[in-house]
Amino acid sequence: WEFNGSFYQPSAFLMMGIPGLEALHPWISIPFCALYLTALLGNCVILFIIRKTQSLHEPMYYFLSMLAVTDLGLALCTLPTTLGLFWFNVRRIGFDACLTQMYFIHILSFIESSVLLAMAFDRFIAISHPLRHPSILTKSTVLKIGLAIVLRGMVSLLPIPFLLKRLTYCGKTELSHSFCFHPDIMNLACADIKVNVFYGMIILLSTVGMDFIFIVLSYILIIRTVVSLTTKEECLKALNTCVSHICAVLVFFIPMIGLSMIHRFGKNVPPLVNTLVAYTYLIIPPALNPVIYSIKSTHIREALLRALRRKRG
């Protein structure tokens, strides 16, 4: 502990695995390894296929590349501490290292939310204004959107580590997860955390909350456009281009909303439920997104099959 008058700050926090199942951590690590391997390999394959296939050099797949990079970052952020705990029972993480991990986890989550919004906007333009789509979403426009997404995440979350460092912490240093999460660290403080709670809520609502609302609005407009199409085949074809994106949105937002609600209002929720929702939120989307797009996107699937044939040949 570092002591400075009445100011207490722990030198490290202790991470928690799956409560009540500590003896089974080596076995539980097997599905986690499979998920991390799927996330790393799957997203790398998506990036490789898009880079090597000229026909995929268009806005929809540029945004998919951003999503794959973000998913890789999320997987790499939590992999060392999660597998370190499951394999070697390494529970200790330094205070500054914990804040750094927390910052990048939250930044990448916010970026993923914004990328999903950009993908919804791309689908709306492609379906509602197909002739204007190439002129609206040019390469330079997509690049500017990508930079704006990254800057918004970095700037909006920059105060969070400093707001946590100013707090005085009590004797309890045990986190709820095998990674660092802002509400989790904040609740270990024995100081007034109203500023942290207020700022965290405002940032969450003004970024992820607004992203989700605009995604829903985009799909309402898409459905209105699709309903106006003359034939059933055209309707199904238009909706089919959105299926993979809708799956990615649900896989990301449902666990994220659940975890936020548990941390803020679920005081009586069993620790096991809290832990499982947290792992679902941070590990499942990076592993499932490349699988979803590989199965549902005809262009990605065909490019992947062509690459495999060339390798065999």
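The structure is a predicted model, in which local features need pLDDT of at least 70, side-chain atom pairs count only at pLDDT 80 or more, and totals for chains, interfaces and linings use all residues. Residues are numbered from 1 along each chain as its sequence is written, and side-chain values use heavy atoms, with hydrogens and water left out. Helices (H or I, at least four residues) and strands (E, at least two) are DSSP runs, numbered from the N terminus.

**Helix packing**

- Helix α10 (residues 243-265) packs with helix α11 (residues 271-296) at an angle of about 175°, and their axes are 9 Å apart.
- This angle makes α10 roughly antiparallel to α11; angles under 35 degrees count as roughly parallel, over 145 as roughly antiparallel, 65 to 115 as roughly perpendicular and the rest as oblique.
- The contact of α10 with α11 has 18 nonpolar, seven polar and one charged residues.
- In this classification Ala, Val, Leu, Ile, Met, Phe, Trp, Tyr, Cys and Pro count as nonpolar, Asp, Glu, Lys and Arg as charged, and the others, Gly among them, as polar.
- Axes are lines fitted to C-alpha atoms, for helices over the stretch in contact, and angles run from 0 to 180 degrees between N-to-C directions.

**Nonpolar core**

- The largest nonpolar core holds 88 residues, of which Phe13, Phe32, Leu64, Leu116, Leu164, Tyr169 and Ile185 touch the most other members.
- Helix α3 (residues 95-128) supplies the largest share of this core, 19 residues.
- Such a core is a set of buried Ala, Val, Leu, Ile, Met, Phe, Trp, Tyr and Cys residues joined through side-chain atoms within 4.5 Å.
- Buried means under 20% relative accessible area, exposed over 50%, and partly exposed in between (1.4 Å probe, protein chains only).
- Apart from neighbours within four places in sequence, Leu164 is in contact (heavy atoms within 4.5 Å) with Phe95, Leu99, Met102, Tyr169, His182, Ile185, Met186 and Asn196.

**Annotated spans**

- The unreviewed UniProt entry carries the annotation "transmembrane region" for residues 24-50, 62-88, 100-121, 142-164, 197-222, 243-264 and 276-295.
- Residues 62-88 are 100% helix and 0% strand, with end C-alpha atoms 39 Å apart.
- Residues 276-295 are likewise 100% helix and 0% strand, and their end C-alpha atoms lie 26 Å apart.
- UniProt positions are given in the numbering used here, feature names are shortened, and annotations may be inferred rather than shown by experiment.

- Thr70 is placed in helix α2 and is buried at 4% relative accessibility.
- Beyond residues up to four places away in sequence, Thr70 touches Leu108, Ile111 and Glu112.
- Thr70 and Ala278 are 208 residues apart along the chain, and their C-alpha atoms are separated by 17 Å.
- Leu85 also lies in helix α2 (residues 59-88) and is buried, with a relative accessible area of 2%.
- Leu85 touches Met15, Met16, Gly17, His25, Val90, Arg91 and Ser178, not counting residues up to four places away in sequence.
- Asn89 is in the loop between α2 and β4 (92-94) and counts as exposed at 54% relative accessibility.
- Asn89 has a positive phi of about 55° although it is not a glycine.
- Most residues other than glycine have a negative phi.

**Helix α8**

- Ser218 is in helix α8 (residues 194-227) and is buried, with a relative accessible area of 11%.
- Ser218 is in contact with Ala120 and Phe124, leaving aside neighbours within four places in sequence.
- Tyr219 lies in helix α8 and is buried, with a relative accessible area of 13%.
- Tyr219 touches Ala120, Arg123, Cys242, His245 and Ile246, not counting residues up to four places away in sequence.
- Tyr219 and Phe252 are 33 residues apart in sequence and 16 Å apart in space, C-alpha to C-alpha.

**Helix α11**

- Pro271 is placed in helix α11 and is exposed, at 54% relative accessibility.
- Pro271 and Ile107 are separated by 164 residues in sequence and by 25 Å in space, C-alpha to C-alpha.
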